[in-house]
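Please look over the sequence and the structure below before reading on.

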Amino acid sequence: MSNSRIEQIIEEIEDYIDTCKGPLLGSGEKIIVNRERIEELLRELRMKTPEEIKRYQKVLANKDAILADAQKKAQAIVAQANLQNQEMVNEHEIMQQAYEQANQVIETATVQAQEILNNATRDANEIRLGAIAYTDERLADLQDMIQRMVDTSNVRYEAMMNNFQDFYATITSNRAELAPQPETLPAETPEGQ
């Protein structure tokens, strides 16, 4: 089975993040991303997620069709057995034998029909649970990636604000050094002394 479009988009996001470069003289953990590119990939991911769910719903609907077909075949087997039973009952000399054979056919048909229904129901449940688990895994991957992006952005923002505080302190210090100091005036002497 080929990768779904959701998986492809997640791989594209991971590949894109791998190609992003970090800021100059920054640590290897930080990168700079093109906001439009990452938003474009996330938009496509949001649009494709409902398509994946619809695809799994079609698979489940197909299983329902298989189940309905199995029920129809089982009913046909039972109807055929009943028809054979009726024909045998109509013949007086083999009435007892026909009755026993018809019961065996009905019993066999019922067992086969139940087995078909059980298998179809089990398969449908496995596919449904698989679809739910797959979708949850993809959403967990996306959630983790977005959390990492938020954490990285917060760290960058904090570092930028610290740099601005340092610049502000340096500018304030430089201005204080440039400003002329007021001259100290001699204390006034009281008149008449």
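What volume does the largest cavity have? The volume of the largest cavity is about 50 Å³.

## Basis of the model

This is a predicted model, in which local features need pLDDT of at least 70, side-chain atom pairs count only at pLDDT 80 or more, and totals for chains, interfaces and linings use all residues. Residues are numbered from 1 along each chain as its sequence is written, and side-chain values use heavy atoms, with hydrogens and water left out.

The chain averages a pLDDT (the predictor's confidence in each residue, from 0 to 100) of 82, and 85% of the residues score at least 70.

## The cavity and its lining

The count comes to 1 cavity of 30 Å³ or more, a cavity being a set of points on a 1 Å grid over the protein atoms alone where a 1.4 Å probe fits but cannot get out, with lining residues having an atom within 4 Å of a point. Volume here is the space filled by probe spheres set on the points, which are joined across faces, edges and corners.

The largest cavity is lined by Ile6, Ile10, Leu45, Thr49, Thr135, Arg138, Leu139 and Leu142, and α3 gives the most to this lining, with 4 residues.

## Thr49

Thr49, one of the lining residues, has its place in helix α2. Thr49 counts as buried (under 20% relative accessible area, with a 1.4 Å probe and protein chains only) because its relative accessibility is 16%. The side chain of Thr49 also reaches the backbone oxygen of Leu45 at 2.9 Å.

Terms used:
1 Å grid on protein atoms, 1.4 Å probe; cavity = no way out; pocket = protein on both sides within 12 Å on 5 of 7 lines; lining within 4 Å. Helix = DSSP H or I, 4+ residues; strand = E, 2+ residues; numbered from the N terminus. Buried < 20%, exposed > 50% of the residue type's maximum accessible area, 1.4 Å probe, protein only. Polar contact = N/O pair within 3.5 Å; in protein donor to acceptor, adjacent residues only side chain to side chain.
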